[in-house]
Amino acid sequence: MEKIRWGILGCGKIANKFASDLRLVDDAALVAVASRDHQKAIEFSALHSSRYAFDSYEALVTCSEVDVIYIATPHGFHHEHALLCLNHKKAVLCEKAFALNAKQVKDMIDTAQKNNVFLMEAFWTKFLPQFQKLNEIIQSGEIGDLKMIQADFGFLAAQPTPQRLYDPKLGGGALLDIGIYPVFLAVTLLGKPLEVNAVMKPYATNVDEQIAMTLKFKNGELAILSATFAANTPVEATIVGTKGYVRMHNRFHNVTSDLELIVGHNPPKAIPVHKEEGYGYQFEARHVSECLRANRIESPVMRSADSLLLIETLDWIREKCGIKYEADSQ
Ligand SMILES: NC(=O)c1ccc[n+]([C@@H]2O[C@H](COP(=O)([O-])OP(=O)(O)OC[C@H]3O[C@@H](n4cnc5c(N)ncnc54)[C@H](OP(=O)(O)O)[C@@H]3O)[C@@H](O)[C@H]2O)c1
């Protein structure tokens, strides 16, 4: 079987982890990487055994030996870089947050459709075994009807705070960087919210250092969510139904999370979850392979509609607490 030929755009931290996990995908080969800094691309390429090390993103998108490009730049550039790839007919797996706002995401989806090319948000959590297990438990009815979701994501940012976290041009702010995970969990399990409320504490740059959110859904379900760069928090989620609840332990969005099921007044039961080596990015990469082999331009799991619902909810939360990006007025 011919391998799916991957390119990586931007050689930062997450790109390194993703490249390492690509080794765990049988039908994938890392063929090319691109950085604005040629030396960095050469070193990254040597570490992860890719054939090409380009000194520009433009060189990567014109490489005829690349089938799909993983975009690993800060989210302030996802729209620009996704369009660059799609307009060169390269399939795209783009890191979260997919872009800065719904307008940009719609433009990316339109561009993928116009070029008949695959596009998916790299929402890796949705492909992790523990998330599938959570869905199975909910579908089985064991915890009854969903009523409430609580989830937090916080870490104490290193000092000085990395620019990506607070610079609005890079899409800085806790919500788009880590608050997106609690919001993803709530809208994935409960759908489109009917009501949204949020408060935040800003950095000097006006993006959020901390944010707290409450969401209300169609049948009265509620979500209580938070994110912060100012403290380490449990990074746990509790999914509560009328008969019981599931706890997703630290870090709930990550492959390392363990699940616990509590039904009625019974003692907590540990739920076995498939574990394998790697950081957990191999699961989404395997899914991309399946989609490309089936000639899909959209994933049936992380659909364009799912990305739109997520970013529209994030836009709504930002509007409620006054987080603005230049892209909002363009
Ligand atoms: N799925 C996950 O678990 C996860 C985890 C962490 C981050 N992320 C997401 O991945 C993206 C990148 O995060 P990261 O932590 O890898 O960031 P990072 O270490 O700062 O890397 C970002 C890379 O983007 C490129 N870049 C292009 N223009 C840039 C600019 N003006 N300023 C800074 N970098 C620029 C740089 O690559 P070159 O210098 O090589 O061109 C840089 O190394 C973000 O959208 C983030 O939300 C996802």
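Q: Which elements do the buried residues of H5 pack against?
A: Two terms come before the case. A residue is buried if 20 or more other C-beta atoms lie within 10 Å of its own, exposed if 12 or fewer, and partly exposed in between, with C-beta atoms placed from the backbone. Helices (H or I, at least four residues) and strands (E, at least two) are DSSP runs, numbered from the N terminus. Here, the buried residues of H5 pack against helix H4 (78-86), strand S6 (119-121) and helix H10 (304-321). Packing rests on contacts: two residues are in contact if their C-beta atoms, placed from the backbone, lie within 7 Å.

Q: How should I take the numbers?
A: This is a predicted model: local features need pLDDT of at least 70, side-chain atom pairs count only at pLDDT 80 or more, and totals for chains, interfaces and linings use all residues. Residues are numbered from 1 along each chain as its sequence is written.

Q: Which residues of H5 are buried?
A: An α-helix has 3.6 residues a turn, so residues three or four places apart point the same way. In H5 the buried ones are Ala 102, Gln 104, Val 105, Met 108, Ile 109 and Ala 112. They cover an arc of only 165° around the axis, so they sit on the same side of H5. The arc is that of the directions from the helix axis to the C-beta atoms.

Q: What span should helix H5 have?
A: The expected span of a helix is 1.5 Å times one less than its number of residues. Helix H5 (residues 102-115) has 14 residues and should span 20 Å. Its end C-alpha atoms are 20 Å apart, which agrees.

Q: In which sense does S7 pair with S11, parallel or antiparallel?
A: Two strands pair if DSSP finds at least two bridges between them. Strand S7 (residues 146-154) and strand S11 (residues 237-241) pair in the antiparallel sense over five bridges. Ile 149 stands opposite Ile 239 in S11. S7 and strand S10 (residues 222-228) pair in the parallel sense over seven bridges. There, Met 148 has Leu 222 as its bridge partner.

Q: Which domains does the assignment give?
A: Domain bounds come from an automatic or database domain assignment. Here it gives domain 1 (4-124 + 280-295) and domain 2 (129-279). The contact takes 14 residues from domain 1 and 12 residues from domain 2. Helix H1 (residues 13-22) gives three residues, the largest share of the side of domain 1 that touches domain 2. The C-alpha centres of the two domains lie 26 Å apart.
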